[in-house]
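Opening the notebook on this one.

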Amino acid sequence: MPDRSLSESDICDQFITPSIVGAGWDSTTQIRREYSFTAGRVTVRGQTATRGPRKRADYLLSYQPNLPLAVVEAKGPNQPIGGGMQQALAYAESLQVPFVFTSNGTGFIFHDRTGNSTPVERQIALDEFPSPRDLWSRYQAANGLSDDAVALARHPFYDDFGGKEPRYYQRNAVQCAVEAVARGKRRVLLAMATGTGKTYTAFQIIWRLWKAKRAKRILFLVDRNILADQTITNDFKPFGQVMTKIRHRMADTSYEVYLALYQAITGTEESADIYKQFSPDFFDLIVIDECHRGSARETSAWRAVLDYFESAIHLGLTATPKETKDVSTLTYFGDPIYTYSLKQGIDDGFLAPYKVVRIDLDRDLQGWRPSAGMQDDLGQDIEDRIYNQKDMDRVLVLNQRTKLVAQKVVEYMRKTDPYGKTIVFCENIDHASRMRRALINEVADKYPEEVTNVSKFVVQITGDNDEGKLALDDFIHPERRYPVIATTSKLLSTGVDAKTCKLIVLDQSIQSMIEFKQIIGRGTRIHEDTGKLWFTVMDFKKATELFADPDFDGEPEIIIDGTGGTGGPGGDDDGTDPPITPPPPEGSTRYVIGDLPVSVVAERVQYLDAYGNLITESLTDYTKRAVHEKYATLEDFLQGWESTDRKRAILDELAEQGLLLEELREQVGADYDPFDLICHIVYGQPPLTRQERAAQVRKRDVFTKYGQKARAVLDALLDKYSDQGLLAVEDLAVLRVQPISNLGTTVEILQSFGGKDGYLAAMHELERALYSPAA
């Protein structure tokens with residue numbers, strides 16, 4: 001039996017690891033200790049962000065690299081043998097590991113998640129730990145892998161020998177896809193949120209099938225030129241000379257890996273269908289990127305490509321499975337064999353969280369009706385009816401509205417990150433052009449230092465603008481300052497890897513959940529080097545109401561009576577800007593009015609709560625609910641505050657509950673202590689500023705018992721509290737900071753209180769004086 005005084009680490013070293021190694025597991029290649037598999041959720045507080053703890057398994061046991069079989073959770077000798085089982089099962093579910101063990105050094109609890117063991121969970125002795133071959137045999141049986149399929153299922157991942165390895169969910173997706181093919185599945189669908197590395201995942205799947213000679217020739221289909229080019233130079237680079245991009249509508253059969261635009265291999269005439277230059281059985285595997293955009297529509301030209309190469313394996317990649325009457329990703333491919341959602345990505349810390357700034361304009365909400373016989377700036381008679389939000393910048397162009405939107409965008413940028421990359425989504429190309437002009441004028445006014453650079457500060461990136469498309473590489477490059485703002489309609493909604501995008505502006509009516517997800521995906525990538533850990537969505541068109549739709553982060557149901565889909569090729573031949581939202585009908589009149597005033601009628605900020613959901617109630621109501629979960633009454637809170645030595649512990653605990661302290665400070669006032677913010681917002685108490693609390697403590701002269709030097713230190717600490725708050729004075733490190741350090745060394749200051757314990761007692765007395773009812 002383990003000594004009760006041993007630590008958890010001792011239990012691992014002396015009991016658990018020897019038992020695992022003794023069962024035949026290689027300590028170098030098969031056992032990973034303290035395996036962290038998430039990045040730690042990003043929490044935003046005001047304009048700063050911090051990462052939470054990573055999820056970490058004590059042991060991850062793998063049959064071979066990237067083929068994990070078991071999680072082992074260790075506990076100290078004073079914990080039950082199965083004490084860590086719930087946590088271990090949660091880790092195993094994320095990692096898609098079938099076997100789970102817990103131990104406190106006296107033996108193991110073994111849980112078989114495959115359901116093939118009776119009982120499912122049982123205790124085994126230290127010397128009964130299963131061997132790698134034993135667990136692999138169980139895995140093979142549970143996953144329905146025949147002996148022939150095992151060779152493919154075990155074929156190794158690509159290793160660049162640079163230390164890069166797949167994230168856990170990428171490894172899950174790859175293994176699920178490869179095993180599905182090994183079992184004979186012909187249509188496979190992966191649903192992974194934008195920014196989670198779908199192309200890298202596809203590369204690993206293709207690499208393994210190609211190296212195993214299960215797929216000798218592969219076609220990778222995309223619908224944007226930039227996607228094909230990024231893929232060739234980045235994730236697919238290891239394919240080297242065997243890879244080509246189909247260009248100039250010419251088919252060269254001498255390669256093994258082909259990348260192509262749908263639009264480049266199909267045409268309106270059968271003679272223009274370049275893909276038919278290949279024989280129907282030429283490709284063994286076709287990977288369809290963004291497959292929701294038309295490949296699942298029975299009447300689309302894109303679908304015709306898949307039907308022609310029917311004998312090939314079809315692998316669909318999407319962040320947004322599409323389900324309407326005419327377009328059904330799920331009906332064509334079947335249910336996704338693996339899903340990794342935006343919410344999961346944010347929770348794991350691989351994707352950036354966001355906050356939403358909703359700005360409502362009077363003409364949008366209240367509508368506007370022209371006076372009788374009114375003409376617009378172009379001399380057109382304006383139709384007599386009420387125009388509202390759905391008409392703005394489609395049927396009715398209000399130049400003052402465009403100017404106001406530009407003002408709010410630049411105002412927010414100046415307040416947060418003046419050079420944060422910003423994408424403004426507009427209704428159409430004309431709107432994007434006018435918005436660029438308004439933003440240039442606003443930047444020239446608000447950024448006097450950039451007046452000579454405004455032409456490169458703001459660019460229009462749309463399908464018809466060659467100069468703007470040339471600026472795209474600079475816009476997405478993390479180390480290039482310009483351009484800062486890009487206006488667009490559709491071109492930047494998908495596929496553009498803008499890792500440093502910090503602000504997404506929606507001045508576009510968005511009805512499609514797919515399009516909305518794709519646009520939000522422009523901001524979800526994290527870029528640690530530039531400090532991009534979160535982003536903001538600024539919404540002028542109520543588009544963010546789609547966040548409340550269950551389909552935003554859920555799996556879609558098949559819709560029987562939906563309207564027609566929008567799949568199929570469109571836009572320019574190079575696949576740069578296919579239309580998604582239809583423009584006004586051809587020949588319809590667009591009215592332009594330059595002097596009609598427009599104003600903001602409402603503006604509010606929405607945040608993500610502790611569970612990753614967008615807060616739709618007021619910040620006050622949300623704060624009350626979050627704090628009441630821990631402290632139901634004012635007395636409960638005061639008792640907790642008084643009994644806790646370090647107040648930071650209470651604030652950290654409330655932050656985990658979802659308390660948005662910085663946001664409260666912005667709303668109520670920066671001069672209030674967290675104590676007063678909570679008491680005022682949650683319990684309706686009149687607040688005191690830090691300066692008022694410090695002044696009342698001085699007025700009561702509560703430190704007369706201390707010597708002259710100690711009183712000087714306490715007085716300096718009160719000044720520090722007035723300026724920065726209690727958290728700034730709780731740490732002993734404050735004694736090394738001016739002006740307190742001018743009163744002596746840390747040792748000398750502590751001695752003036754009779755030692756460290758005396759100083760801490762004085763600090764507690766100071767805190768009681770600050771927060772006593774008399775204060």
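**Entry 1: V697**

I started with V697, which sits in helix 24 (residues 690–700). For the record, helices (H or I, at least four residues) and strands (E, at least two) are DSSP runs, numbered from the N terminus. Before going further: this is a predicted model, where local features need pLDDT of at least 70, side-chain atom pairs count only at pLDDT 80 or more, and totals for chains, interfaces and linings use all residues. Residues are numbered from 1 along each chain as its sequence is written, and side-chain values use heavy atoms, with hydrogens and water left out.

Is V697 buried or exposed? It counts as buried, at 1% relative accessibility. My cut-offs: buried is under 20% relative accessible area, exposed is over 50%, and partly exposed is in between (1.4 Å probe, protein chains only).

Not counting residues up to four places away in sequence, V697 touches V702, F703, L718, A769 and L770. Contact here means heavy atoms within 4.5 Å. I also checked V697 against E767: 70 residues apart in sequence, 9.9 Å apart in space, C-alpha to C-alpha.

**Entry 2: K647**

E767 turned up again, in the contacts of K647. With neighbours within four places in sequence left aside, K647 is in contact with W641, E642, L726, L727, E730 and E767. K647 belongs to helix 21 (residues 647–657). This lysine is buried, its relative accessible area being 3%. From K647 to L726 I get 8.1 Å between C-alpha atoms, across 79 residues of sequence.

**Entry 3: helices 13 and 14**

Next I looked up a helix pair. The axes of helix 13 (residues 399–415) and helix 14 (residues 429–446) come within 9 Å and cross at roughly 50 degrees. Axes are lines fitted to C-alpha atoms, for helices over the stretch in contact, and angles run from 0 to 180 degrees between N-to-C directions. So helix 13 is oblique to helix 14; under 35 degrees would be roughly parallel, over 145 roughly antiparallel, 65 to 115 roughly perpendicular, and the rest is oblique.

Which residues of helix 13 and helix 14 make the contact? Helix 13 gives N399, T402, K403, V405, A406, Q407, V409, V410 and R414, and helix 14 gives R434, M435, A438, L439, E442, V443 and K446.

**Entry 4: whole chain**

I count 28 helices and 24 strands in the chain. Of its 775 residues, 55% count as buried. Among contacts with a separation of 6 or more, 71% come from residues 24 or more positions apart.
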